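Dear colleague,

I am handing over the structure below, together with the notes I made while going through it. Please read them beside the coordinates.

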Amino acid sequence: MPESRSDFSDSRRAVSITLIRCFPQLRRGPVLRKFQPDPVGLDARWCGDIAYIATDEGWLYLATVIDIASRRVVGWATADHLRTDLVADTLMAACRKRRPIGPVIFHSDRGCQYTSHQLATLADRWGVRLSVGRTGQCWDNALAESFFATIKRELLDTSCWPSRAAARTAIFDFIEGGYNLHRLHSSLGYLSPAEYETAPAAWPPHRWCPSKRNKPSRDQV
């Protein structure tokens, strides 16, 4: 999509911009990148990516949708293939689980699954705007990659997986039983995603006192 230099030349040094990328009839121009937590901005900005997990049966692929406002994994799916169905199932799972009442911007990389006609049609049906960054820029799915770094370090790379089913069960336990409920994030004021979503809006991270909680040795930003 061509950019208008006259529209953005004055602000491009101060604000990062991403472009809507789907098929032509759904392109709606640039979107500002805002990746900070926001206790009152849930289900407005999502991001996602795909990870590869080696098992004795072959590759297992994990796709995620993360709410940027709370760092919560709101949708995920696994498959033994990299077809667009994988990311479509993940986005649909997030939409059905969260039921966003307003428009959602979904940030991702430029993978063929995320720029496909199939995903764009599904996203339009749910009121989701697909967004990718320019070539060589990683900001649009940096949070998703950060989550993958965590799950690989703490789970996936610590064991040999005899089957895809075994890996999927472990992923379920990690996300639903641990990460969303108990993982403390420095960017959330050392709250878990679930706690952050239910905390009073008057407790944004800059007003939370981490000294009242035990600060973890390693945390996911």
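Which residues does Ala-123 touch, not counting residues up to four places away in sequence? The answer is Leu-91, Val-128 and Leu-130, where contact means heavy atoms within 4.5 Å. Ala-123 is found in helix H3, and at 1% relative accessibility Ala-123 counts as buried, a word used here for under 20% relative accessible area, with exposed standing for over 50% and partly exposed for values in between (1.4 Å probe, protein chains only). Ala-123 and Leu-91 lie 32 residues apart in sequence, and the distance between them in space, C-alpha to C-alpha, is 7.9 Å.

Before the rest, a word on provenance. This is a predicted model, in which local features need pLDDT of at least 70 and side-chain atom pairs count only at pLDDT 80 or more, whereas totals for chains, interfaces and linings use all residues. Residues are numbered from 1 along each chain as its sequence is written, and side-chain values use heavy atoms, with hydrogens and water left out.

As to the overall layout, the protein has six helices and seven strands, these being DSSP runs numbered from the N terminus (helices H or I, at least four residues; strands E, at least two). Read from the N terminus on, the elements run α-β-β-β-β-β-α-β-α-β-α-α-α. Of the 221 residues in the protein, 49% are buried. Among contacts between residues at least 6 apart in sequence, 63% join residues at least 24 apart.

The axes of helix H2 (residues 84-98) and helix H3 (residues 117-126) come within 9 Å and cross at roughly 10 degrees, where axes are lines fitted to C-alpha atoms, for helices over the stretch in contact, and angles run from 0 to 180 degrees between N-to-C directions. That angle makes H2 roughly parallel to H3, since angles under 35 degrees count as roughly parallel, over 145 as roughly antiparallel, 65 to 115 as roughly perpendicular and the rest as oblique. On the H2 side the residues that meet H3 are Thr-84, Asp-85, Val-87, Ala-88, Leu-91, Met-92, Cys-95 and Arg-96, and on the H3 side they are Gln-118, Leu-119, Leu-122, Ala-123 and Trp-126. The residues of this contact divide into nine nonpolar, two polar and two charged, with Ala, Val, Leu, Ile, Met, Phe, Trp, Tyr, Cys and Pro counted as nonpolar, Asp, Glu, Lys and Arg as charged, and the others, Gly among them, as polar.

A second pair is formed by helix H4 (residues 142-154) and helix H5 (residues 164-182), which pack at an angle of about 110 degrees with their axes 12 Å apart. H4 is therefore roughly perpendicular to H5. Phe-147, Thr-150, Ile-151 and Glu-154 in H4 meet Ile-171, Phe-174, Ile-175 and Tyr-179 in H5, and the residues of this contact divide into six nonpolar, one polar and one charged.

How many disulfides does the count come to? It comes to zero, a disulfide being a pair of cysteine sulfur atoms within 2.5 Å. Cys-95, which takes part in the contact of H2 with H3, is buried at 0% relative accessibility, whereas Cys-160 is exposed, with a relative accessible area of 74%.

Arg-71, in the loop between strand E4 (58-67) and strand E5 (72-79), has a phi near 65 degrees, a positive value in a residue other than glycine, and Arg-71 is buried, with a relative accessible area of 7%. In the loop between H5 and H6, Tyr-190 likewise has a positive phi, near 60 degrees, and counts as buried at 11% relative accessibility. The loop between H5 and helix H6 (193-198) also holds Gly-189, which is buried with a relative accessible area of 5%; Gly-189 and Pro-37 are 152 residues apart in sequence and 9.9 Å apart in space, C-alpha to C-alpha. Gly-102, by contrast, sits in the loop between H2 and strand E6 (104-108) and is partly exposed, with a relative accessible area of 28%. The C-alpha atoms of Gly-102 and Trp-126, which are 24 residues apart along the chain, are separated by 9.9 Å.
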